Amino acid sequence: MTRFGIASLLVTLATQFIFSSVATAWGGGSPPYGFPKSFVDITGTGTIGPIPDQLILFAVIALLVGLLVARTRYGRSLILIGFNRPAARYSGVNASRTLVGAFVMSGLLAGVAGIMISGFYNAARDDIGDSLLLPAITIVVLGGVDIFGGKGRISGVIVSVFILGFLTEGLLVDGDSSLTATMVTGIVLIVGLVIKIGLDRRAGTTLRESLRRRFDRQRPGITVTDR
């Protein structure tokens with residue numbers, strides 16, 4: 001996608017359908033379930049004292065990703081590409097290689113999340129994570145990450161994880177249905193986007209300028225190649 005300029009969101013959706021179909025065909029009508037107790041304890045329901053194993057793994061991954069983005073040359077290059085890809089190329093950043101690395105890490109972490117979810121439910125289904133797509137997007141936006149790239153902090157995402165997690169869990173404990181929790185998540189996403197657009201306008205940045213910055217093409221007659 002980096003070579004042909006295809007939007008990563010479209011490629012992600014397309015490959016999701018492809019691999020989901022392959023997984024369904026491979027797993028058959030009865031997906032794997034009934035994993036060994038040791039696997040379920042480590043990846044799903046296990047704890048170290050009062051702290052769940054999943055929370056510990058989340059903290060470790062968040063720390064490592066935070067250090068990678070904020071303290072390394074690769075992280076700074078990734079932010080620069082999100083803010084202005086042509087400028088990153090002019091600065092000597094290999095945009096294609098950097099983006100491929102980001103996609104690989106994203107896929108790896110998605111695989112880890114899939115393993116943890118399978119351990120929690122003690123089953124592996126291709127659609128088991130579909131309900132997490134909307135919360136994931138909402139958490140990113142609520143955490144202050146610019147959906148067009150170039151802005152955001154891991155700390156904000158971590159805070160939004162707990163905010164949305166406590167909110168949805170509180171609704172379920174209060175007796176509301178999962179549909180209500182999904183509706184509230186959608187409302188939070190819209191409100192977050194509206195607030196962000198309002199703040200951007202106050203700072204002198206319009207949505208049109210953000211889109212132009214994100215999708216701006218190179219000037220005619222100038223060729224910029226990745227090193």
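This is a predicted model: local features need pLDDT of at least 70, side-chain atom pairs count only at pLDDT 80 or more; totals for chains, interfaces and linings use all residues.
1. Helices and strands are here DSSP runs, a helix having at least four residues and a strand at least two, and they are numbered from the N terminus. On that basis, the elements of the protein chain run α-α-β-β-α-α-α-α-α-α-α-α from the N terminus on. This amounts to 10 helices and two strands.

2. The protein chain has 227 residues, of which 21% count as buried. Its accessible surface comes to about 15600 Å², and carbon and sulfur atoms account for 67% of that surface. As for contacts between residues at least 6 apart in sequence, 63% of them join residues that are at least 24 apart.

3. The interior may be considered next. In soluble globular proteins, nonpolar side chains tend to be buried together. In this model, the largest nonpolar core consists of five residues, namely Ile81, Ala88, Val93, Ala95 and Leu99. One of these core members is Ala88; when its neighbours within four places in sequence are left aside, Ala88 is in contact with Leu80, Ile81 and Val93.

4. Which residues of helix H7 are buried? Within this helix, which spans residues 133-142, they are Thr138, Ile139 and Val141. These three lie on the same side of H7, because they cover an arc of only 165° around the axis. After H7 comes Gly144, which has a positive phi, near 90°.

5. The surface also carries nonpolar residues. Ile51, Leu55, Phe58, Phe162 and Phe166 make a nonpolar surface patch of about 460 Å². At least two residues of the patch come from helix H3 (53-71), and at least two from helix H8 (154-173). Phe166 has its place in helix H8. Is Phe166 buried or exposed? Its relative accessibility is 64%, so Phe166 counts as exposed, the cut-off for that class being over 50%.

6. The last point concerns charged side chains. How many salt bridges does a search of the whole structure find? The search finds one. Its partners are Lys37 and Asp41, whose closest N and O atoms are 2.8 Å apart. Both residues belong to helix H2 (residues 37-45), where they are four residues apart, or about one turn of the helix. Lys37 counts as exposed because its relative accessibility is 63%. Asp41, by contrast, has a relative accessible area of 27% and is therefore partly exposed.

Key
Residues are numbered from 1 along each chain as its sequence is written. Side-chain values use heavy atoms; hydrogens and water are left out. Patches are made of residues with over 30% relative accessible area and no salt bridge: like charges are joined within 9 Å, nonpolar side chains (Val, Leu, Ile, Met, Phe, Trp, Tyr) within 5 Å. Accessible areas come from the Shrake-Rupley method with a 1.4 Å probe; for residues, only the protein chains shown count as cover. A salt bridge is a side-chain nitrogen of Lys or Arg within 4 Å of a carboxyl oxygen of Asp or Glu. Buried means under 20% relative accessible area, exposed over 50%, partly exposed in between (1.4 Å probe, protein chains only). The arc is that of the directions from the helix axis to the C-beta atoms. A nonpolar core is a set of buried Ala, Val, Leu, Ile, Met, Phe, Trp, Tyr and Cys residues joined through side-chain atoms within 4.5 Å. Contact means heavy atoms within 4.5 Å.
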